[in-house]
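Here is a short briefing on a structure with its sequence. Read it with the coordinates open.

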Amino acid sequence: MTAAWPLLKVAAALGFGLNVAGLLAWAERKQSAVMQDRIGANRAAIFGFKLWGLIHMLADTIKLLTKEDFVPKGARKGLHGAAPVISLGFALLCLAALPFGGVVEVAGRSWSLQPVESPVGLLFVLAMLGLGVHGVMMAGYASGSNYGLLGALRGGAQMISYEVCLAASLAGLLFIYGTLDLQQAVLWQGRHAWGILVQPLGFLLFVTAGVAETKRAPFDLPEGESEIVGYFVEYSGMKMGMFMMTDFVESVVVAGLVTTLFLGGWTIPFYEPHGALGAVLMLASFTVKLFVTLFLLMQVRWTLPRFRFDQLLHLGWKNVLPLALANFIVTIWAVYLRSRL
Amino acid sequence: MISVTTVRRPARTMATQIYFLEILKGLLITLRHFFVNMSRHVLFELGLSKEPGAVTIQFPDVPAMLGNRARTRHRLLKRDDGTPRCTACMCCETICPAKCIHIVAEDSPDVQIEKRAKSFDIDLGLCVFCGYCVEACPVDAIHMDANDVELSAYSRKDMIWSMPELLGDKKKEAHR
């Protein structure tokens with residue numbers, strides 16, 4: 001049991017991520033429907049049970065799995081097949097480093113609820129998120145289509161630009177926490193105050209960059225499902241499904257990072273979790289915060305129209321990045337002045 | 001008399017250029033919609049309110065909701081004694097731009113009316129629902145207010161409605 005515990009945690013984290021990502025597809029449809037005075041997907045049923053449209057996710061999955069897996073003639077076969085795996089794989093890897101809970105004492109032994117305990121957890125997550133761009137570029141290059149390649153170039157430019165912003169917006173916060181360990185960051189917030197109160201501007205910039213990093217509206221230029229053609233135009237069946245899944249998993253990762261770094265992670269205000277009940281409460285706290293963040297991310301998706309590509313890059317390099325750096329400098333000064341007091 | 005209205009575009013103030021406040025406003029609108037509609041959905045499902053949360057009409061499950069003046073399938077009207085009002089004057093057949101009305105006339109037993117329709121067929125597969133037949137009719141014998149929009153059939157032949165069916169004496173049966 002003790003030896004299998006880390007493996008179990010990683011498996012649980014991956015299962016959690018994939019299931020939440022699947023639920024997101026449903027939530028996105030239903031949330032937008034309710035918001036726009038519609039009803040949303042409500043037809044698929046098993047034995048008459050519709051479960052408010054949840055069965056549609058099952059139907060969609062069966063459809064994606066059984067569809068013809070088409071590889072176009074000019075495609076580079078190996079890369080074409082590897083691209084969705086790389087895209088989804090790196091997104092899923094991020095989940096392993098998120099602290100879903102703290103350390104609890106049960107049955108005379110302490111159990112950590114973070115799948116991979118690493119002193120450089122945040123770096124790991126950012127690196128894995130950054131590697132996702134390789135999947136995008138490979139997909140565009142390997143599909144042998146100019147439209148796919150153009151979409152991939154848009155995706156590459158966007159993801160690399162916003163990765164800079166993503167890291168820069170966190171710099172001030174890391175200076176305050178004084179650690180790259182996500183668990184320590186959560187504990188600091190438990191002792192002092194939530195990150196969103198310490199760094200409100202950093203929070204806004206991080207969410208902006210995070211949405212851009214997940215390639216979802218209003219920054220969905222790499223894909224542009226409805227009108228402009230995206231990097232996975234030459235993909236069909238479950239390979240396309242994996243690219244769609246990547247977006248949702250990345251949303252979960254970004255929401256998880258927001259929860260961990262800005263919303264106090266698994267901590268519960270004015271309560272110190274203990275024992276098995278504490279473990280459940282910590283996981284529940286993290287999940288609730290994660291869902292609230294995801295809800296807001298999707299609300300943004302259904303509120304704002306898509307940016308033009310030049311507007312997107314202007315926003316990234318000329319607004320978000322300078323603000324993030326200014327935020328960093330001010331934070332450093334504040335920390336320095338405070339230490340002199 | 002010509003009047004000129006000058007529409008002033010909203011100025012690009014600092015507040016709108018920063019964009020953040022505008023995003024917040026937009027988010028508040030969508031959030032309000034979400035929660036108002038969601039509470040309506042919940043109250044409706046619990047049976048506490050008659051007002052549904054969405055404006056969607058689940059058409060095949062519930063009857064289609066048509067406006068008071070909706071122009072739908074034709075209907076032939078009867079006199080008070082139950083005979084068809086149609087005098088087979090051919091006005092509707094003449095004016096029909098789609099040529100979908102076919103009337104065969106015969107002598108009416110009532111000498112004052114002179115003529116009546118022996119058969120009155122409308123091919124709804126050809127009909128363009130322009131309503132000219134209703135306007136042309138001198139005796140108010142044809143209306144387009146049957147409030148019936150489910151007119152599909154499995155063959156072109158089945159799209160032709162005969163007089164008893166248009167009068168409502170016989171139910172139109174879908175032939176396979």
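Which residues does F262(A) touch, not counting residues up to four places away in sequence? They are W194(A), G195(A), I196(A) and F203(A). The model is predicted.

**Around F262(A)**
- F262(A) sits in helix α9 of chain A.
- F262(A) has 26 C-beta neighbours inside 10 Å, so this residue counts as buried; the cut-off for buried is 20 or more.
- W194(A), one of the residues it touches, is 68 residues from F262(A) in sequence, yet their C-alpha atoms are 5.8 Å apart.

**Helix α1 of chain A**
- Helix α1 of chain A covers residues 5-35, which makes 31 residues.
- The expected span uses one less than the number of residues.
- Buried residues of α1(A) include F16(A), V20(A), L24(A), V34(A) and M35(A).
- K9(A), K30(A) and Q31(A) are also among the buried residues of α1(A).
- Within chain A, the buried residues of α1(A) pack against α3 (77-95), α9 (237-262) and α10 (275-301).
- They also pack against α2 (20-45) of chain B.
- Just after α1(A), D37(A) has a positive phi of about 60 degrees.

**Contact between chains A and B**
- Chain A gives eleven residues to the contact, and chain B gives 14 residues.
- On the side of chain A that touches chain B, α1 and α10 of chain A are the elements that give two or more residues.
- The largest share of that side, three residues, comes from α1(A).
- By class, the side of chain A that touches chain B holds six nonpolar, three polar and two charged residues.

**Two loop residues with positive phi**
- F270(A) lies in the loop between α9 and α10 of chain A.
- Phi of F270(A) is positive, near 60 degrees, and the residue is not a glycine.
- F270(A) counts as exposed because it has 5 C-beta neighbours inside 10 Å.
- Y19(B) is in the loop between α1 (14-18) and α2 of chain B.
- Y19(B), not a glycine, has a positive phi of about 80 degrees.
- Y19(B) is exposed, with 12 other C-beta atoms within 10 Å; the cut-off for exposed is 12 or fewer.

**Domains of chain B**
- The domain assignment of chain B gives domain 1 (10-56) and domain 2 (75-167).
- Taken over C-alpha atoms, the centres of domain 1 and domain 2 of chain B are 50 Å apart.

Key:
Residues numbered from 1 in each chain as written. Chains lettered and ligands numbered in written order. Predicted model: local features only at pLDDT ≥ 70, side-chain atom pairs only at ≥ 80, totals over all residues. Domains from an automatic or database assignment. Helix = DSSP H or I, 4+ residues; strand = E, 2+ residues; numbered from the N terminus. Expected span 1.5 Å × (residues − 1). Contact = placed C-beta atoms within 7 Å. Nonpolar A, V, L, I, M, F, W, Y, C, P; charged D, E, K, R; others polar.
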